[in-house]
Amino acid sequence: MREQAMKYIEARSNRGKSKSSGAILRSDRTVLRYQGDLGRAAEEIQKKHGITKLKDITETQAQDYLNDRLKEKIRVRTVQGYAKALALLPQVKHLTVPSRATDKKDKPKNTRAYTQEQIKEIQKNIFSPTAKLAIQVIVESGCRAKDLASLCLASDRPVTNARLNKLHEDRFIGKENWVKVTFIGKGGHEYTSTISPGTAKQLAQHRLPIPRDFKERKQYNVVTKQYYDLPAGLRLSKLWTDASKKTFCASRGLHGLRHTFAQTRLREMLMAGMTWDKALECVSQQMGHYRASEVKTYCR
């Protein structure tokens, strides 16, 4: 059943499509997640009902599977993932799963953002100069750990695969003297952010004579051209998590730096006189998003 699930999801993948296209399976990571969720669900349904093909799974069987997982106190978010994967089967049209608010009930609201003081303390336990530089680039630009591998000066690689007509010219307000850099994000979408002149000067010392291929995981099909000798992706995330745990006995993950960036930039733009709605749009564009609603997630 797992092999059937892998082939079924792969056949319906739409890598590189934009979110506005309505496509769901737009990246390797999403495809792998759906393959895993559908495969696990199908195997359990097979054990319970004896079916041998995905097309034989009924809507009732799929709902029973979800209900069983909820009884096991599995996180609602995880069960929603199974529901989304099962819903790709044409015969499964309506599945009921509680909202994620169930997971959050009675739990304290903790931000994922780090303070500047916390970032400095964690960096003291990162001993690799290139890793420290990579972290600084993320702090200043707000890029994703995986996107860092595609880092390039905007003067060397201007963005072309982006919604250029929707970009605000003043999205770099307060950073006019900083150096513009570009990244390739989810679905191949390019975005521009900035780093300080000091960081750019350090970065120049780690420029590779010949760009090399960067691949996040062996099972991912996307290969990125890497122009700088910096750790990125999972490798950098692990370095950060280990240093954070050593410093504070806990970690909010490297992705928490994007929360810090979003909140910091929003404050800077608002103080510069920009409206809230426009500030959200500008920050979203610097972070590789094109919807202001995406940034609200980082404001928590």
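I began with K225, which is partly exposed at 42% relative accessibility. This is a predicted model, and I read it as such.

I looked for the partner of K225 and found D213, joined to K225 by a salt bridge of 2.8 Å, N to O. K225 sits in strand β5 (residues 224–228) and D213 in strand β4 (residues 207–214), so the bridge ties together parts 12 residues apart in sequence. D213 counts as exposed, at 53% relative accessibility.

**Whole structure.** I then searched for salt bridges throughout and got 15.

I picked out E43 with R2, where the closest N and O atoms are 3.1 Å apart. E43 is partly exposed, with a relative accessible area of 26%. R2 is also partly exposed, at 30%.

**E72 and R69.** I noted a salt bridge between these side chains, 3.2 Å from N to O. Is R69 buried or exposed? R69 is buried, with a relative accessible area of 15%. E72 is partly exposed, at 48%.

**Network.** I found K175, R265 and E268 linked in a network of salt bridges.

**Positive patch.** Last, I looked at surface charge. Which residues gather in a patch of positive charge? I listed R33, R75, R77, K84, R112 and K186. I followed up on K186, which lies in the loop between β2 (179–184) and β3 (190–195). K186 is exposed, with a relative accessible area of 58%.

Conventions:
Residues numbered from 1 in each chain as written. Predicted model: local features only at pLDDT ≥ 70, side-chain atom pairs only at ≥ 80, totals over all residues. Heavy atoms only, no water. Patch = residues over 30% accessible without salt bridge, like charges linked within 9 Å, V, L, I, M, F, W, Y side chains within 5 Å. Areas by Shrake-Rupley, 256 points an atom, 1.4 Å probe, with all protein chains shown as cover. Salt bridge = Lys/Arg side-chain N within 4 Å of Asp/Glu carboxyl O. Lys, Arg positive; Asp, Glu negative; His and termini not counted. Charge placed at Lys NZ, Arg CZ, Asp CG, Glu CD. Helix = DSSP H or I, 4+ residues; strand = E, 2+ residues; numbered from the N terminus. Buried < 20%, exposed > 50% of the residue type's maximum accessible area, 1.4 Å probe, protein only.
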